[in-house]
Amino acid sequence: MARAALLHLLRHRSVATATAPLSAYKCLSSNSKTPSGIRWTSICRAFSSKAAVNDLIGIDMANTDSGVAVMEEKERLDPFSLVADELSLIANRLRSMVVTEVPNLASAAEYFFKIGAEGKRFRPTVLLLMATALSVRIPELPPAGVGDTLPTDLRTSQQRIAEITEMIHVASLLHDDVLDDADKRRGICSLNAVMGNKLAVLAGDFLLSRACVSLASLKNTEVVTLIATVVENLVTGETMQLTTASKQRFSMDYYMQKTYNKTASLISNSCKSIAILAGHTAEVAMLAFEYGKNLGLAFQLIDDVLDFTGTSASLGKGSLSDIRHGIITAPILFAMEEFPELHAVVDQGFKNPANVDIALGFLGKSSGIQRTKELAMKHANLAAQVIESLPESDDANVIRSRQALIDLTQRVLTRNK
Amino acid sequence: MATALSVRIPELPPAGVGDTLPTDLRTSQQRIAEITEMIHVASLLHDDVLDDADKRRGICSLNAVMGNKLAVLAGDFLLSRACVSLASLKNTEVVTLIATVVENLVTGETMQLTTASKQRFSMDYYMQKTYNKTASLISNSCKSIAILAGHTAEVAMLAFEYGKNLGLAFQLIDDVLDFTGTSASLGKGSLSDIRHGIITAPILFAMEEFPELHAVVDQGFKNPANVDIALGFLGKSSGIQRTKELAMKHANLAAQVIESLPESDDANVIRSRQALIDLTQRVLTRNK
């Protein structure tokens, strides 16, 4: 029966995403840490993006349904659609939170929260899914003060983390665009291009302060510390990118630290905050942190690849904006390990377009792109494994959310924009 | 203020605050002072970027020396360090107060940048902007000092009122000095406000007496001739005098607040309160 269940799993998987609910795998093993759990994960890896899986499905599956009563979901689990209603709620609250009586400031602050300019809302999606994924009964009593919050109050405060996270994220985008003289963001003009640098800097400060006020209202000083540290990390990461001495620019460790600061810190610490608000143990909070961290790192590494490859698998079709701004990312760092000659080119800088072409040449000959993708996959898989180590639950919502979180780890790898 | 408020509190302080040693309390109050200074400097750094200023505190501005990027980042960095330090105080009321300060600073700066005509002539709008830009930080940090010490809401409000009135008095005199500088006569000051099109209390008072001044203000002050015309009206008006009087009113309010604090026989407390009262006079008599 286990084998029939496994084959049923394979039959109902689509190539692009892992749609089999977590409960399917639970049929195969009694707890998430047994070898059969690992087997399932490695099956995911083997078949995640190859069309060959369809060949395996030629086996007659007529008799498999009887053994798999728990697995009813055949529809694709779209992580974003699971939390769509809540995202709208949060979007509306965000718009009302950035209102102010000063008209120009109001226009500036709400610029990236208007419908159409909200971006992918990736972070709030992750956080809301994490909130549901962690909604298990906690054996010991939660600490005083947290224990008497009603379930709805807890959910509201977790939604607030999502709002705060988004405000901090947009604030950092506003300042980054000023620093980089960017004229486009999220497919529209950047705020500084439309309203000037002054209002963009002020709007960023304003969003930060609103985020702080909202943070204070949660009355949880551990969470306040975590989120305050995120802001510090964002600034540190941006500064690391701006001002790198030669030795550091060639260092993969430095690059990963910078990437953690700039991208992963926000997701990891807000995931951890979600867990803390729910009263979870330090261990579970760390699991939430690790999920966010690995997801964020994977996301950024693929971002680096896409900057070179764009929508095409070949080099050079991407926007190449990183390298043109002299930002050395993982693919180039890997290429430099294989071709030390590349050091000299990087040292010269990329104001000269000829150097960009030379660097692309070395990159193409190297396995830089491939190794970056592999590193991203490693982190994505680490994130997926973290979800599997969460305390068990039979709740259908919890299971669906955890599956969605796992799906997201694959989506960050397969996205092409 | 911390010493001025170090009186024994009759009722038990709220849980968590009551068991801090006196030295821990003092340390956390010192931290308020540090946080306040970090936020203040962060706002100066960003303001100088916004205004393209090249001088600050008698030396080159940071943006002039290291560029706008680093100045914006440095301001963000200071703000984030202030937030982390704030969180370590483990007092969410204080966190809320200080976070509100940052919001007020931004609002005040934006009010100054983007004023429609009606608002530019309004004394109420000007005082609100001045509260946001200058007084909010001092008032809310004074209140935080009181809250950390476990004082009642009434005493905390007294601390707030002292800071607010002191801050307003300070800014009003600042406005006067921008016209008068080290001399009592008009025009020896740096005139930097008016040259940047920032309309302050003296001009607002002068406009009440000379409606003709409205038209000049509307035209703006890129043309230096308009600056001279405005100064002319200002000299004929009692704008400078009325601003000084308003500053004095706020300074005296601040001094009265100190006198309404709960009584104390402690020599240190008495000395600190006297010093706070002295400060209210010093903001009036300073000439730079």
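**Contacts, core and helices in a predicted model**

Student: Among contacts in chain A between residues at least 6 apart in sequence, what share joins residues at least 24 apart?
Tutor: Contact means heavy atoms within 4.5 Å. Counting chain A contacts between residues at least 6 apart in sequence, the share that joins residues at least 24 apart is 75%.

Student: How should I read the model and its numbering?
Tutor: This is a predicted model, in which local features need pLDDT of at least 70 and side-chain atom pairs count only at pLDDT 80 or more, while totals for chains, interfaces and linings use all residues. Side-chain values use heavy atoms, without hydrogens and water; chains are lettered from A and ligands numbered from 1 in the order in which they are written, and residues are numbered along each chain as its sequence is written, from 1.

Student: What percentage of chain A counts as buried?
Tutor: Buried means under 20% relative accessible area, exposed over 50%, partly exposed in between (1.4 Å probe, protein chains only). Chain A has 20 helices and 2 strands. Helices (H or I, at least four residues) and strands (E, at least two) are DSSP runs, numbered from the N terminus. Of its 417 residues, the buried part is 56%.

Student: Which residues does B:Ile203 contact, leaving aside its neighbours within four places in sequence?
Tutor: B:Ile203 is among the residues with the most contacts inside the largest core. With those neighbours left aside, its contacts are B:Phe179, B:Ile194, B:Leu213, B:Val217, B:Ala230 and B:Leu234.

Student: How many disulfides does the structure hold?
Tutor: A disulfide is a pair of cysteine sulfur atoms within 2.5 Å. The sulfur of A:Cys271 is 20 Å from the closest cysteine sulfur, in A:Cys212, so it is too far for a bond. The sulfur of B:Cys142 is also too far, because the closest cysteine sulfur, in B:Cys83, is 20 Å away. Over all chains, the number of disulfides is 0.

Student: What span is expected for helix H11 of chain B?
Tutor: Helix H11 (residues 239-259) of chain B has 21 residues. The expected span is 1.5 Å times one less than the number of residues. From first C-alpha to last, the helix reaches 31 Å, close to the expected 30 Å.

Student: Is B:Leu191 buried or exposed?
Tutor: B:Leu191 lies in the loop between H6 and helix H7 (192-195) of chain B. Its phi is positive, near 55°, though the residue is not glycine. At a relative accessible area of 5%, B:Leu191 is buried.

Student: What is the relative accessible area of B:Lys90?
Tutor: B:Lys90 lies in the loop between helix H2 (62-88) and helix H3 (92-113) of chain B. Its phi is positive too, at about 55°, although B:Lys90 is not a glycine. The residue is exposed, with a relative accessible area of 57%.

Terms used
A nonpolar core is a set of buried Ala, Val, Leu, Ile, Met, Phe, Trp, Tyr and Cys residues joined through side-chain atoms within 4.5 Å.
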